[in-house]
Amino acid sequence: MMLVSVAPRFARRLSLALTACAALASPMASQAQAQAQTQLGLTPLQRAEVVEVLRDALKRDPSILREALAAMQEAETRDRATSQRGAILAQREALLADPADPVKGNPQGNLTIVEFFDARCGYCKALHPTLQALLRADPQIRVVMKDLPILGPASVVASRALLAAQRQGKYAAFQDALMQLRGEPTEAALQAEAQKLGIDWVRAKRDMEDPAILARLQHNVGLARALSIEGTPALVIGNTLVPGAVDLPTLQNLVAQARQEARQGG
């Protein structure tokens, strides 16, 4: 970066210049520059000097803009990861130790993965066989399931049905069936899949209306909000939030990293 070749007294101004450089690429450039000016305590004349330095630098080397934008994106990614790590630590008990949560895999496993999912989510369905492969390959993994019905009323109905099936000891099998369902989880489709698994549908329908099940879903939504989860699927592996569907090698690497951090007391 250009900062290393600049005298120390100009480093601060050049830092602002790079910020302004990124701001120039935005429709809100003047607002961003004014904010940077206020934060660094520069006078309008000093800011004008910095902007002039920036313009000259861009004429000589347009790659500065790309480097500045990349640096800002990297900083935002680091800040987001740090914030998410803090949120995970703050919510660890709710994530890992709620006895009401459905569990897949090994209940006594030495590593817990938390999955937020929507039964109608295509990406969740794409991730499902990968997670199943991970559980087959690694018998020491425990998976806590957090139903997060964010795709509309049909998702809420499917989540209610899943939590009702949990009361009959059929959550994992029913969830597997819904992840493989290609059509919409209408009531007729839910009933058909449930009955294939020996679920008492009359009892399940009654349990679906239990306010405790709605409260459970609302709790999951609140937890997702606390973690700044923006969609499904979302996995919590160790102290890392993993948004979206990932492949098996990526999951295995994240698991290995989480175990290493746990050994180091991280």
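Mentor: Residues are numbered from 1 along each chain as its sequence is written. The model is predicted, so local features need pLDDT of at least 70, side-chain atom pairs count only at pLDDT 80 or more, totals for chains, interfaces and linings use all residues, and side-chain values use heavy atoms, with hydrogens and water left out.

Trainee: What is the average pLDDT of the chain?

Mentor: The average is 84, and 80% of the residues score at least 70. pLDDT is the predictor's confidence in each residue, from 0 to 100.

Trainee: Which elements have the lowest and the highest mean pLDDT?

Mentor: Helix H1 (residues 8-24) has the lowest, 45. Strand S3 (residues 141-147) has the highest, 98. Over residues 1-18, pLDDT stays under 50. The model has 23 contacts beyond four places in sequence for that stretch. A contact means heavy atoms within 4.5 Å.

Trainee: How many helices and strands does the chain have?

Mentor: There are 12 helices and 5 strands. Both are DSSP runs, numbered from the N terminus: helices are H or I with at least four residues, strands are E with at least two.

Trainee: Why is Thr-130 called buried?

Mentor: Its relative accessible area is 16%. Buried means under 20%, exposed over 50%, partly exposed in between (1.4 Å probe, protein chains only). Thr-130 has 16%, so Thr-130 is buried. Thr-130 sits in helix H6 (residues 122-137). Beyond four places in sequence, Thr-130 touches Val-246, Asp-247, Leu-248 and Leu-251.

Trainee: What makes Gly-231 partly exposed?

Mentor: The value for Gly-231 is 25%. Gly-231 is in the loop between helix H11 (211-226) and S4. Gly-231 and Leu-148 are 83 residues apart in sequence, yet 9.0 Å apart in space, C-alpha to C-alpha.

Trainee: How do you know that strands S4 and S5 pair?

Mentor: Two strands pair if DSSP finds at least two bridges between them. S4 (residues 234-237) and S5 (residues 240-243) have 4 bridges, so they pair, in the antiparallel sense. Ala-234 stands opposite Pro-243 in S5.

Trainee: What do S4 and S5 form, and how many residues lie between them?

Mentor: They form a hairpin, with 2 residues between them. In the turn, Gly-238 has a positive phi of about 65°.

Trainee: What share of the chain's residues is buried?

Mentor: Buried residues make up 42% of the 266 residues.
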